[in-house]
Amino acid sequence: MAYWLLKTEPEEFSWDDQVKRGTKGETWSGVRNFTARRHLKEMKKGDAFFFYHTGDEKQVVGVGEIAKEHFPDPTAGKGEPWVAVTTVATEPLPKPVTLAAIKAEAKLKDMALVKYARLSVQPVTADEWKLVCKMGGLGGR
């Protein structure tokens, strides 16, 4: 299993919106960056991801799962190379983990969230996953 971080503006699509989609999930579409697209293509069904609110919040608020591997993005124009995945909420973080807290943790200094702040779809290492889960009150997963 691989781990990821997906960013969204909470005003456009929030953790609560993801939860409301239930087991049907939601199409994670609209990604228009080639590096982020490559990450979407690498995702496998069952991979886990952090749900990250951007904007004023800047925090990891939940954990989800990839329910369907990449397919043509329905929001893309004809012939455009963009892809989407389907995501499902797994559980909220009991204590959201802020970007400031992540940056303050020396063990996370190489995390993509710190190094490539603008990238909307990012890989997360197993060690980073465990530490952020622990910081968020989910124990050492």
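Q: Which residue follows α5, and what is its phi like?
A: G137 follows α5. Its phi is positive, near 90°. Keep in mind that this is a predicted model.

Q: OK, back to the helix. Which residues of α5 are buried?
A: Helix α5 covers residues 126–135. E128, W129, L131, V132 and C133 are buried there.

Q: And what do those buried residues pack against?
A: Strands. They pack against β1 (3–8), β3 (48–53), β4 (59–72), β5 (83–98) and β6 (121–124).

Q: Let's zoom out. How many helices and strands are there in the protein?
A: Five helices and six strands. Along the sequence the pattern reads β-α-β-α-β-β-β-α-α-β-α.

Q: Why call it as compact as a globular protein of that length?
A: The radius of gyration is 14 Å, close to the 14 Å that the globule rule gives for 141 residues, so the protein is as compact as a globular protein of that length. The C-alpha trace spans about 45 × 30 × 30 Å along its principal axes.

Q: How much of the protein is buried?
A: 45% of the 141 residues count as buried.

Q: New topic: charges. How many positive and negative side chains are there?
A: 22 positive and 19 negative. The centres of the two sets lie 4 Å apart.

Q: Last one. What share of contacts joins residues at least 24 apart?
A: 67%, counted among contacts between residues at least 6 apart in sequence.

Notes:
Residues numbered from 1 in each chain as written. Predicted model: local features only at pLDDT ≥ 70, side-chain atom pairs only at ≥ 80, totals over all residues. Heavy atoms only, no water. Helix = DSSP H or I, 4+ residues; strand = E, 2+ residues; numbered from the N terminus. Rg over C-alpha atoms; globule rule 2.2 N^0.38 Å. Buried < 20%, exposed > 50% of the residue type's maximum accessible area, 1.4 Å probe, protein only. Contact = heavy atoms within 4.5 Å. Lys, Arg positive; Asp, Glu negative; His and termini not counted. Charge placed at Lys NZ, Arg CZ, Asp CG, Glu CD.
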